[in-house]
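The notes below are meant for a colleague who is opening this structure without having seen it before. Please keep the sequence and the 3D view side by side while going through the numbered points.

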Amino acid sequence: PVNLSLYAQYRAANKNPEAMRRLLAAAGAAQLPPAPSPLKAKGFVQRMTSEESHALYRAAREAADIIQRVFPDRWWLSHGSLLGAWRQRGVIPWDDDVDLAVPREEIDKLQTTAEAEGWEMRRGGPFAWKMWHPSHAMHGHSRSFTWPFVDLALYDHCGEHIIVEHDYHSQVSVFNARDVLPTQTAPFGPLALPLPARPEVM
């Protein structure tokens, strides 16, 4: 069972930096400092060059391979990437990352596997991690992470429900697990990646 008070605590602390710092410290997390995207864009305009787009899809493909081995058929495109797959069959033109949902209770297993293969992972918040491979870096060499990267949204599977946070911990959505699993495969740019069973619900 999932302790829903955990979500309530983070939601309440979302607008209080000191309270958030204490919660993250108690959880052993190092919150990533705020940083603007290395790919600057204003408004809804094409953000990536074709070379950058190729690099991002490569990162998504390689990260997906690791995640599938660790969480067979228990992960999916989420947040902005889910919208992109549903609406445009790829990354939204003004986006610059890939969002994947993975089980929260097993994130340590993913970290161990990914880091053994040269990836780096860092917790960026209570339900969010970043995953990147330094050898693929095109931008951000002076930061604590490099681009391209994959954002991981951690979910909880609680009986007949799946709980996903969004809007930087300010909102929590509860879905019927049958609307999410089993996943289906759909085009995502040059890739085929999993979507929830009923993506329109999410």
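1. Which strands do the buried residues of H4 pack against? They pack against strand S1 (76-77), strand S2 (98-103), strand S8 (184-188) and strand S9 (191-195), where contact means heavy atoms within 4.5 Å. The residues of H4 that count as buried are Ser81, Leu82, Gly84 and Ala85; buried means under 20% relative accessible area, exposed over 50%, and partly exposed in between, with a 1.4 Å probe and protein chains only. Seen down the axis of H4, these buried residues fall within an arc of 160 degrees, so they line one face of the helix; the arc is that of the directions from the helix axis to the C-beta atoms.

2. On the basis of these notes: this is a predicted model, in which local features need pLDDT of at least 70 and side-chain atom pairs count only at pLDDT 80 or more, while totals for chains, interfaces and linings use all residues. Residues are numbered from 1 along each chain as its sequence is written, and side-chain values use heavy atoms, with hydrogens and water left out.

3. The chain has five helices and nine strands, helices being DSSP runs of H or I with at least four residues and strands runs of E with at least two, numbered from the N terminus. Read along the sequence, they follow the pattern α-α-α-β-α-β-α-β-β-β-β-β-β-β. Of the 202 residues, 47% count as buried, and among contacts between residues at least 6 apart in sequence, 58% join residues at least 24 apart.

4. Leucine 77, in strand S1, counts as buried because its relative accessibility is 0%.

5. Serine 78 sits in the loop between S1 and H4 and, at 4% relative accessibility, counts as buried. Beyond its neighbours within four places in sequence, serine 78 is in contact with Asp99, Leu100, Ala101 and Ala153.

6. The second largest pocket deserves a look alongside H4. A pocket here is an open set of points on a 1 Å grid over the protein atoms alone where a 1.4 Å probe fits, with protein on both sides within 12 Å along at least five of seven lines, and lining residues have an atom within 4 Å of a point. The second largest pocket is lined by 13 residues, of which Ser78, His79, Leu82, Phe175 and Met202 lie nearest its centre. Helix H4 (79-87), strand S6 (161-166) and strand S7 (171-176) are the elements that give two or more residues to this lining, and H4 gives the most, with four residues.

7. Most residues other than glycine have a negative phi, and most peptide bonds are trans. Histidine 79, which lies in H4, has a positive phi near 50 degrees, and with a relative accessible area of 34% the residue is partly exposed. Arginine 89, in the loop between H4 and S2, takes a positive phi of about 60 degrees although it is not a glycine, and arginine 89 is exposed, with a relative accessible area of 56%.

8. The bond from tryptophan 147 to proline 148 is cis, with omega near 10 degrees, and proline 148 lies in the loop between strand S4 (128-132) and strand S5 (149-158). The bond from leucine 181 to proline 182 is cis as well, with omega near 0 degrees, and proline 182 belongs to the loop between S7 and S8.
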